[in-house]
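Subject: A structure for you to explore

Hi there,

Here is the structure I promised to pass on. Have a look at it first, and then read on for what turned up.

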Number of protein chains: 2
Amino acid sequence: MAVRRRNQKVRIRRAAARLFAKKGYAGTGVEEISRAVGIGRGALYHHIGSKDRLLFEIVTLPALEALEEAERIVAEPIGAEEKLRRLSRLTMRTIAAQLPEWTVFFRDIGALRQPLRREALAARDAFEQVWAGAIAQGVAEGTFRELDPIVVKGMLGMHNYAHVWIRLRGRLTPEQIADEFCEVLLSGIRAT
Amino acid sequence: MAVRRRNQKVRIRRAAARLFAKKGYAGTGVEEISRAVGIGRGALYHHIGSKDRLLFEIVTLPALEALEEAERIVAEPIGAEEKLRRLSRLTMRTIAAQLPEWTVFFRDIGALRQPLRREALAARDAFEQVWAGAIAQGVAEGTFRELDPIVVKGMLGMHNYAHVWIRLRGRLTPEQIADEFCEVLLSGIRAT
């Protein structure tokens, strides 16, 4: 029963993410989500609590999942370049695999009420801190040159903006895109 | 009279862009725009035609302006590196100077109806083509190495995503941010 309930929630989140990604959070009524999932409005509210709460879960679950994996990567005893390559692949992979969720994340996070918005943004900031840590390690190792902190934002932006154009079955896999980006970025920050 | 009318439209667009940037296109009523500008709903419609049309003008005017300047830059008899540096500065400058408009562009362009959406996206694609042309020139000159076309999207994404975090009076000017990005990107694509 708990499993069925959880599956139902996953189904609701996925359907809502697709609708939000297509029509925007404010442009999507709870009625539409209820129709897309095929359950009544009352039952839907029972599962999601509120539309705001639903938005919060849609954006934070992939972000926390990605953050956890990122933290595993940087905890490994490997060089900074390899860490960045893996972080890059992870970032492109999660964006491609959960494209509706990330589209909603990047576009509709401002629609979240406090304190939920703060909490969702904290996941994004923590993810950026992981990237910043890997770069700091590279600088400390002498692999990378000293970099202005804005460069981390640029590197992440390069990946994040992909939600606009990436396709799940495009010409390149998410990993290949990450590798192309890393060829440029790593050559661009390497100490010479 | 024509000047006053044009000023009124500029004022309406700016106020609407701020509201759309803050609350989303779908989340903003015409009533609110009318209140923000201090003119009646009827007079507002007289100026804007429709909310859809207003959104279209908000997103396309800065895009066409930037496109025009980008085309002037690449028409100059200068090397590919210098073109990219100038395109980078232009991109960061327009995003910072017209932040509400670009926020709406990146977030709410999907709310536009056809054929307006197609037209707005055409401006974005043309801007990308200008960047791609400057890179192609650099490859032809032997300044840059051969690059997968996806790299252009990454380079532009690095700039475009800045609408999320850039501030008009931040620690670095838009031009300084562009220069930091170019240090990484140009070292990353230079032929060795």
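Let me begin with how helix axes are handled: an axis is a line fitted to C-alpha atoms, for helices over the stretch in contact, and angles run from 0 to 180 degrees between N-to-C directions. Helices themselves (H or I, at least four residues) and strands (E, at least two) are DSSP runs, numbered from the N terminus.

Please keep in mind that this is a predicted model, in which local features need pLDDT of at least 70 and side-chain atom pairs count only at pLDDT 80 or more, while totals for chains, interfaces and linings use all residues. Residues are numbered from 1 along each chain as its sequence is written, and chains are lettered from A and ligands numbered from 1 in the order in which they are written.

**The chain**

Chain A has 9 helices and 0 strands, which reads along the sequence as α-α-α-α-α-α-α-α-α. Its C-alpha atoms fill a box of roughly 60 × 35 × 30 Å along the principal axes. Of the 192 residues of chain A, 43% count as buried; a residue is buried if 20 or more other C-beta atoms lie within 10 Å of its own, exposed if 12 or fewer, and partly exposed in between, with C-beta atoms placed from the backbone. Two residues are in contact if their C-beta atoms, again placed from the backbone, lie within 7 Å. Among the contacts in chain A with a separation of 6 or more, 75% are between residues 24 or more positions apart.

**How the two chains meet**

Two copies of a chain are related by a rotation about an axis and a shift along it. The same surface serves both copies, as 100% of the contact residues of chain B recur in chain A.

The contact takes 25 residues from chain B and 25 residues from chain A. On the side of chain B that touches chain A, the elements giving two or more residues are helix 8 (150–160) and helix 9 (174–189) of chain B. The largest share, 8 residues, comes from helix 9 of chain B. By class, this side of chain B has 14 nonpolar, 7 polar and 4 charged residues. (Ala, Val, Leu, Ile, Met, Phe, Trp, Tyr, Cys and Pro count as nonpolar, Asp, Glu, Lys and Arg as charged, and the others, Gly among them, as polar.)

Why is helix 8 of chain B largely enclosed by the rest of the structure? Because 9 of its 11 residues are buried, including Val151(B), Met155(B) and His159(B). The buried residues of helix 8 of chain B pack against helix 8 (150–160) and helix 9 (174–189) of chain A, together with helix 5 (80–97), helix 6 (99–108), helix 7 (116–141) and helix 9 of chain B.

**Two helix pairs in chain B**

The axes of helix 4 (residues 51–75) and helix 6 of chain B come within 9 Å and cross at roughly 110°. These two helices of chain B are therefore roughly perpendicular to each other. (Angles under 35 degrees count as roughly parallel, over 145 as roughly antiparallel, 65 to 115 as roughly perpendicular and the rest as oblique.) Residues making this contact include Ile58(B) of helix 4 and Trp102(B) of helix 6. The contact divides into 8 nonpolar, no polar and 2 charged residues.

For helix 5 and helix 9 of chain B, the axes come within 8 Å and cross at roughly 140°. That makes helix 5 of chain B oblique to helix 9 of chain B. Among the residues making the contact are Leu84(B) of helix 5 and Phe181(B) of helix 9. By class, there are 9 nonpolar, 1 polar and 5 charged residues in it.

**Two details to look for**

Ala75(B) is in helix 4 of chain B and counts as exposed, with 10 C-beta neighbours inside 10 Å.

A cis peptide bond joins Gln114(A) and Pro115(A), with omega about 0°. Pro115(A) sits in the loop between helix 6 (99–108) and helix 7 (116–141) of chain A.

Enjoy exploring!
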